[in-house]
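The notes are in the order in which I looked things up.

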Amino acid sequence: MKSHVLQLNPILVPAINDKLDSLYHMHRLFEKEDKDAWIREHGDAVEGVITGGHTGIANTLIDRLPALKVIAVNGVGTDAVDLAYARSKGIPVTGTFGALTEDVADLAIALMLTVCRQICPGNAFVKRGDWVKHPHPGAIPLSRRLSGKHVGIVGMGKVGRAIAQRAAAFGCPINYTDLRAMDDLPHRFVPDLIQLARESEVLVLAAAADKAQGIINAAVLDALGRDGYLINIARGKLVVERDLVDALERGVIAGAGLDVFADEPNVPPALLGMDQVVLQAHRASATVESRTAMGEMVLASLAQGLAGQRPDGSLTT
Ligand code: 8YV
């Protein structure tokens, strides 16, 4: 008999959706007009949940799914699931660890290059037809070099390491911070975040947000300084956004490349008009390659969890 699986966010790979549809009774909550009524009527039958990394699942919803056997997070950040709560209920929670590393690291480098080299204003200048109107070289200001800049990485998990590998190829000296030093890395461990920011020209956030909310505040941005850039491909809530807006407005830092925000899809309006800021709509893992690999891991987790086995890599059971 097919299990009932509740999907909280869209999956954009048709082949994954086809597999889900062939294996399970799929219920896509985001398509239901009255979500609350649907849960009330059908919540008892749901055995599996698929959700996104930054959207997770509320404990109140877990409570309304009494037959739940597995929560498959289609992402690597599990900060939006209360793991202790899921554990107390004996529900396995899985993530797609390793499936998106390369693409998230690629986007970090893309944001670094885009902000340093002012690619967006340059692109707009040409597309507006301004180049022919102002063909002299001074019409757009000089940008900044990325190669050789001191890069500080906050969070040396899989993604942080992949960013370090890429930045090293640009000749960037790399320092990092994390909960502890890692002996297998050739880079310098700087335990103090303010010191790391002071020694960095580009500060890249690649940390899990579970225990690190608001760590990037006015003091850290001050230490990063007027020639420094902030890149965030991790979680918006790592940053005190009003401090970031203030730092950008006052030229405390040079610019920022942001894929993630504290209250997505809401972006602080002040950022929208800033040339020194590049914004993305939480797209670091949004490639066919990553999303297909992630989808396959979700399928594997569901298969194991619904069969009553402990899914590989479960964080809770
Ligand atoms: C996704 C993410 O955007 O992996 C994560 O934690 O935030 C992103 O990869 C999201 O989880 C897609 O469902």
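**Whole chain.** I am working from a predicted model. I counted elements and found 13 helices and twelve strands in the protein chain. I then checked the overall size. The radius of gyration is 22 Å, which agrees with the value near 20 Å that a compact globule of 317 residues would have. The C-alpha trace spans about 70 × 50 × 30 Å along its principal axes. I noted that 42% of the 317 residues count as buried. For contacts between residues at least 6 apart in sequence, 61% join residues at least 24 apart.

**Annotated ranges.** The record lists residues 32-313 as "D-isomer specific 2-hydroxyacid dehydrogenase catalytic". Over that range I have 37% helix and 14% strand, with the end C-alpha atoms 31 Å apart. The record also lists residues 109-284 as "D-isomer specific 2-hydroxyacid dehydrogenase NAD-binding". There the chain is 34% helix and 14% strand, and the end C-alpha atoms are 11 Å apart.

**Helix α8.** I took this helix, residues 158-169, and compared its span with expectation. Its twelve residues reach 17 Å from the first C-alpha to the last, close to the expected 16 Å. Which residues of α8 are buried? I listed Val159, Gly160, Arg161, Ala162, Ile163, Ala164 and Ala167. The elements covering these buried residues include α5 (101-116), β6 (151-154), β7 (174-177) and β9 (202-205). Just after the helix, glycine 171 has a positive phi of about 75 degrees.

**Isoleucine 231.** I found this residue in strand β10, residues 229-232. Is isoleucine 231 buried or exposed? It counts as buried, because it has 29 C-beta neighbours inside 10 Å and the threshold is 20 or more. Setting aside neighbours within four places in sequence, I listed its contacts as Ala108, Leu111, Met112, Val202, Val204, Leu205 and Gly257. I also checked leucine 258, which is 27 residues from isoleucine 231 in sequence but 5.8 Å from it in space, C-alpha to C-alpha.

**Backbone details.** I looked at peptide geometry next. Glutamate 264 and proline 265 are joined by a cis peptide bond, with omega about 10 degrees. Proline 265 sits in the loop between β11 (255-258) and α12 (269-272).

I then noted positive phi values in residues other than glycine. Glutamine 118 has a phi of about 50 degrees and is in the loop between α5 and α6 (119-127). It has 19 C-beta neighbours inside 10 Å and therefore counts as partly exposed. Histidine 282 also has a positive phi, near 50 degrees, and is in the loop between β12 (277-279) and α13 (288-306). With 18 C-beta neighbours inside 10 Å, histidine 282 counts as partly exposed.

**Ligand shell.** Histidine 282 came up again here, as one of the residues surrounding the ligand.

Methods:
Residues are numbered from 1 along each chain as its sequence is written. This is a predicted model: local features need pLDDT of at least 70, side-chain atom pairs count only at pLDDT 80 or more; totals for chains, interfaces and linings use all residues. A residue is near a molecule or strand if its C-beta atom, placed from the backbone, lies within 6 Å of it. Helices (H or I, at least four residues) and strands (E, at least two) are DSSP runs, numbered from the N terminus. The expected span of a helix is 1.5 Å times one less than its number of residues. A residue is buried if 20 or more other C-beta atoms lie within 10 Å of its own, exposed if 12 or fewer, and partly exposed in between; C-beta atoms are placed from the backbone. Two residues are in contact if their C-beta atoms, placed from the backbone, lie within 7 Å. UniProt positions are given in the numbering used here, feature names are shortened, and annotations may be inferred rather than shown by experiment. The radius of gyration is taken over C-alpha atoms; the globule rule is 2.2 Å times the number of residues to the power 0.38.
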